Amino acid sequence: MQNSIFDIEDLESNPSARIPVAIVSDTSGSMLGAPIDELNAGINLFYDTIKKDDYAYSAAEIAAVTFGGEARCHSYFKPVYNQPYAPHFKADGNTPMGEGVNLALDMLERRKEEYKRCGVSYYQPWLVLMTDGQPNGSAAELQRAKDRVAQLVNNRKLTVIPIGIGPNADMNVLSEFSPRLKPLRLKGLRFKDFFSWFSQSVSSVAQSQPGDMVSLDLDSIKGWAEL
């Protein structure tokens, strides 16, 4: 996991409430070409939008995990002012989804412990799970990831947004990661539209109080996803 003493010092010097956001994305070989290019463009838009938002700028802590060939942490939970550049993804390998989700959950548990040690409150974490195919990593890791996510969601300790990319995305598997929100299939490669909507959602959370219920704007989802 990629974090340092500076991540703790930031919590101590700026103890305002945080919104942990984990972006967990498929970067397997099938994402090569336009899909990975559009995903990277969407990630860049998300970071740029958060940087310009007065509410989300200090509150949102973004982590990026990919599963393409292996599960990889690109960035640990940090506010955008400590992440000058958005991560850049490359497509390669198979689709170890379970390993990717478990890595993101391990990182989230670690960050929550750091919040507690530093006396920093936090909002319900978000996890965005995106894939264009079927998982083909360890079956045991996949099941463990499903069980962990379902328990957190049902205990209202995690909000999951499952996104299918293209016609071959396994929506049934995505639904097993999301007991409350039906998986959404991206229209075409409208990553920028999704990340624009998502940045607005994060901003809305940042304007609330930790523990408040914040509803997703489902009407605007229709512009970029099939419900």
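Q: Which residue does Pro20 stand opposite in E2?
A: Pairing between strands can be read residue by residue. In this predicted model, Pro20 stands opposite Glu61 of E2. Pro20 itself belongs to strand E1, which covers residues 19-26.

Q: In which sense do E1 and strand E2 pair, and over how many bridges?
A: Look at the direction of the two strands and count the bridges. E1 and E2 (residues 60-68) pair in the parallel sense, over eight bridges.

Q: What about E1 and strand E4: over how many bridges do they pair?
A: E4 takes in residues 126-131, and E1 pairs with E4 in the parallel sense over five bridges. To find your place in this pairing, look for Ile23, which stands opposite Val128 in E4.

Q: Is Pro20 buried or exposed?
A: For this we turn to relative accessibility, where buried means under 20%. Pro20 counts as buried because its relative accessibility is 0%.

Q: Which residues is Pro20 in contact with, leaving aside its neighbours within four places in sequence?
A: Setting those neighbours aside, Pro20 is in contact with Glu61, Phe77, Leu108, Tyr115, Tyr122, Tyr123, Pro125 and Trp126.

Q: Now a helix: where do the buried residues of H2 fall when seen down its axis?
A: Start with the list: Pro35, Ile36, Leu39, Asn40, Gly42, Ile43, Phe46, Tyr47 and Ile50 are buried in H2. Seen down the helix axis, these buried residues fall within an arc of 160°, so they line one face of H2.

Q: What do the buried residues of H2 pack against?
A: Their partners include E1, E2, E3 and E4, along with helix H3 (56-59) and helix H7 (191-206).

Q: How far does H2 reach from its first C-alpha to its last?
A: Compare the span with the expected one. Helix H2 (residues 34-51) has 18 residues and reaches 26 Å, close to the 26 Å expected at 1.5 Å a residue.

Q: Finally, which residue's side chain does His74 join in a polar contact?
A: His74 sits in strand E3, residues 70-79. Its side chain and that of Thr66 are joined by a polar contact of 2.8 Å. His74 counts as buried because its relative accessibility is 17%.

Definitions and conventions: Residues numbered from 1 in each chain as written. Predicted model: local features only at pLDDT ≥ 70, side-chain atom pairs only at ≥ 80, totals over all residues. Heavy atoms only, no water. Helix = DSSP H or I, 4+ residues; strand = E, 2+ residues; numbered from the N terminus. Buried < 20%, exposed > 50% of the residue type's maximum accessible area, 1.4 Å probe, protein only. Contact = heavy atoms within 4.5 Å. Polar contact = N/O pair within 3.5 Å; in protein donor to acceptor, adjacent residues only side chain to side chain. Pairing = 2+ DSSP bridges. Expected span 1.5 Å × (residues − 1). Arc of directions from axis to C-beta.
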